[in-house]
2 protein chains.
Amino acid sequence: MSESNKVGRYKAIAEPFHVDFNGRLTMGVLGNHLLNCASFHATERGFGMMNLNQNNYTWVLSRLAIEMEEMPYQYEEFTIETWVENVYRLFTDRNYAILNKEGRKIGYARSIWAMIDMNTRKPIDLLTLHGGKITEYICDAPCPIDKPSRIKVGNDECVAKLTAKYSDIDVNGHFNSIRYIEHILDLFPLETYKTKRIKRFEMAYVAESYFGNELSFFMSESCDNEYHLEIKKENNELVCRSKIIFE
Amino acid sequence: MSESNKVGRYKAIAEPFHVDFNGRLTMGVLGNHLLNCASFHATERGFGMMNLNQNNYTWVLSRLAIEMEEMPYQYEEFTIETWVENVYRLFTDRNYAILNKEGRKIGYARSIWAMIDMNTRKPIDLLTLHGGKITEYICDAPCPIDKPSRIKVGNDECVAKLTAKYSDIDVNGHFNSIRYIEHILDLFPLETYKTKRIKRFEMAYVAESYFGNELSFFMSESCDNEYHLEIKKENNELVCRSKIIFE
């Protein structure tokens, strides 16, 4: 298989209700596009949610790291490229490049996925699934950003709380992966987004939360412009971690 | 101009993070698609935001009413048709039909728009704009749902409050029209959506709200399954009204 066939390419546009007050695509919407493209790319190769649901298997997103030089502006077209970088027994690394309307790369992303059996909630061995066919799609396209890193919240200050509502819940009954991103962005005052932009955004999904869960947000500034966050549900149980680097 | 040229047709798909726990497209996301299609249709005919911004004119959404027999299911393709039903001096009526993947009409929507000069905030006379060219697009395609109706909240019970955050704010610095819909849907318990579906949803946009505004939600059940809502900002100032009919 040629390297170029291994890369999926998908066009999108920065819709007016998907940009922030600066007119730039929001990180949550970009995350949504990335996960959609992962789904398209996997489905076209026989590894999508729709193919897997027949076996009661599903993909579970573990990590997401996005690093952008600039965000598409309102009404601008952009392209997302995605490919599989590595396949291990229990995890696979999927990377992304984001290209602006002129075809210049304006950012990259990395994601780590596991596959589980929805009946047993146990992980599936990716190297034996379909006779290891997924490894045929491994591609060494460049992705010059750091791998997802360690996130450590330094103090116990709860900066916000919310109760999971209807719009937060996805088709699996779980708190929607993208909604966590939006709620995290909402922790910062408008002033932050007036004077800075997000250079790097990371999510580590640890446990599911559900409708009615009370989520507490903990945040610490580890160094200038770098924030580490944790979301916990009742009983102090960790749901996810996040890191944001502004510049 | 033939009638069929007056109708814009746009395909969409119910993306996985845009469906609710029932796997059905959410009303907020459908509203977003409708407003996007309005924008595409107007832009293609020289009346879009992008064309108007040169004059410092902009479209302002006044009313939106959506009535659905069923919502597209996760991963299903659907089509939105949109056309101009009427043009008056200060308002225009734009209608929509929503077609499922087999091309059957599964819902309709009506919207009412005004155009304003962003410098003076005064309305523009649509019948004289571009020599009244917009009236050439008037089309009498069927839209068999009621026009936006009177909304009257019967009591003063505040059922929820929230402070407008980063993700709520659009490129104009206003609270995003779609976000109001999502926050209104979040007033209802999951139980409501387990046993009922939204048959009709209406919004009446009255005044803008901004980052940091504290919004109060007032709701009354006017009769079985019919809820009337108001959102007010500080000083009891009305921001918008909404009506939801479940079945």
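Is A:Y75 buried, exposed or partly exposed, and how many C-beta neighbours does A:Y75 have inside 10 Å? A:Y75 counts as partly exposed, because 17 C-beta neighbours lie inside 10 Å. The scale behind this term calls a residue buried if 20 or more other C-beta atoms lie within 10 Å of its own, exposed if 12 or fewer, and partly exposed in between, with C-beta atoms placed from the backbone. The structure is a predicted model, in which local features need pLDDT of at least 70, side-chain atom pairs count only at pLDDT 80 or more, and totals for chains, interfaces and linings use all residues. Residues are numbered from 1 along each chain as its sequence is written, while chains are lettered from A and ligands numbered from 1 in the order in which they are written.

Along the principal axes, the C-alpha atoms of chain A fill a box of roughly 50 × 45 × 30 Å. Of its 247 residues, 38% count as buried. Among the contacts in chain A with a separation of 6 or more, 69% join residues 24 or more positions apart. Two residues are in contact if their C-beta atoms, placed from the backbone, lie within 7 Å.

Chain A is divided into domain 1 (3–137) and domain 2 (158–246), with bounds that come from an automatic or database domain assignment. The C-alpha centres of these two domains of chain A lie 20 Å apart. Where they meet, 14 residues of domain 1 of chain A are in contact with 14 residues of domain 2 of chain A. On the domain 1 side, α2 and β2 (57–68) of chain A each supply at least two residues, and β2(A) gives the most, with seven residues. That side divides into six nonpolar, five polar and three charged residues. In this classification, Ala, Val, Leu, Ile, Met, Phe, Trp, Tyr, Cys and Pro count as nonpolar, Asp, Glu, Lys and Arg as charged, and the others, Gly among them, as polar.

Because 14 of the 18 residues of α2(A) are buried, the helix is largely enclosed by the rest of the structure. Just after α2(A), A:G46 takes a positive phi of about 85°.

The next topic is the pairing of the chains. Here 32 residues of chain A are in contact with 32 residues of chain B. The elements of chain A that give two or more residues to this side are α2 (27–44), α4 (177–185) and α5 (190–195), and α2(A) gives the most, with five residues. By class, the side has 16 nonpolar, 10 polar and six charged residues. A rotation of 180° with 0.0 Å of shift along its axis superposes chain A on chain B, with an RMSD of 0.0 Å. The two copies are thus related as by a two-fold rotation axis; the superposition is by least squares on the C-alpha atoms of residues with pLDDT of at least 70 in both. Of the residues of chain A, A:L162 comes closest to the rotation axis, at 5.3 Å (C-alpha). The copies meet through the same surface, because 100% of the interface residues of chain A are also interface residues in chain B.

Some loop residues complete the picture. A:Y75 is found in the loop between β2 and β3 (77–87) of chain A, and its phi is near 75°, a positive value in a residue other than glycine. A:N236, in the loop between β9 (226–233) and β10 (237–246) of chain A, has a positive phi near 65°. A:N236 is exposed, with 9 other C-beta atoms within 10 Å.

Note on methods: Helices (H or I, at least four residues) and strands (E, at least two) are DSSP runs, numbered from the N terminus.
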